[in-house]
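Hello,

Here is the structure for you to look over. My notes follow below it.

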Amino acid sequence: MVIIAGLGNPDRKYEGTRHNIGFEVIDAISEKYNIPVTGRKARAFTGSGIISGQKVLLAKPQTYMNLSGESVGALVNFYKADPETELLVIYDDISLDVGQIRVRRKGSAGGHNGMKNIIAHLGTEVFPRIKVGVGEKPAGYDLADYVLGHFGKTEQEQMDLAVREAVEAAELIVAGETGEAMNRFNRKKREKEQE
């Protein structure tokens, strides 16, 4: 089984913010595969289903972003999952342009507090992740205010596409095609720039 955890903050006031894009990707997967995320386990909303012939557990940790590892770590332990092959984390990244996604097999937290907490709880950086670009913080902005802010109209259109691409990338990773996901989505931006 593959645990697919999308990161975000549980309060209604955070819906649609940059920091909650992980939740939005889980919602899109849930809708596409008809997997209701209404169960509760390890301080997360969860839902089980099948994607690409593989059993999956969709998870939306309800611990608030900075403590995401408490929930994700507990799920990994409960299901005795191997993070390297049975965990996928989806989250926002301010170092990527709005709407750009990047697939990685492993890596540091890159300053993302939710990922820092997950790495601390798992004791490893070696697990696949999909980073969804929400754009760099403008000069003079407070980082917390920026990531907890909403997208403008044009940005929202780019993000809707990014969510769809993140769903496709997740499908490939679950099917054991992480390399294909990296080839398909990590170079997209470069191709656009060359056109």
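**Strands and a loop serine**

Eight bridges join β3 to strand β4 (residues 54-61), and the two run antiparallel. Strands here are DSSP runs of E with at least two residues, while helices are runs of H or I with at least four; both are numbered from the N terminus. Two strands pair if DSSP finds at least two bridges between them.

The model is predicted, so local features need pLDDT of at least 70 and side-chain atom pairs pLDDT 80 or more, while totals for chains, interfaces and linings use all residues. Residues are numbered from 1 along each chain as its sequence is written, and side-chain values use heavy atoms, without hydrogens and water.

Back to β3 and β4. Gly-47 has Leu-58 in β4 as its bridge partner. Two residues lie between the strands of this hairpin, and Ser-52 takes a positive phi near 50° there.

β3 (residues 44-51) also has three bridges to β2 (residues 39-41), again antiparallel. Gly-39 stands opposite Thr-46 in β3. The β2 and β3 hairpin has two residues between its strands, and in it Ala-42 has a positive phi near 50°.

Now the serine. Ser-95 sits in the loop between β5 (87-93) and β6 (101-104). Is Ser-95 buried or exposed? Ser-95 counts as exposed because its relative accessible area is 61%. The cut-offs are under 20% for buried and over 50% for exposed, with partly exposed in between (1.4 Å probe, protein chains only).

The C-alpha atoms of Ser-95 and Asn-183 are 20 Å apart, and the two residues are 88 apart along the chain.

Best wishes
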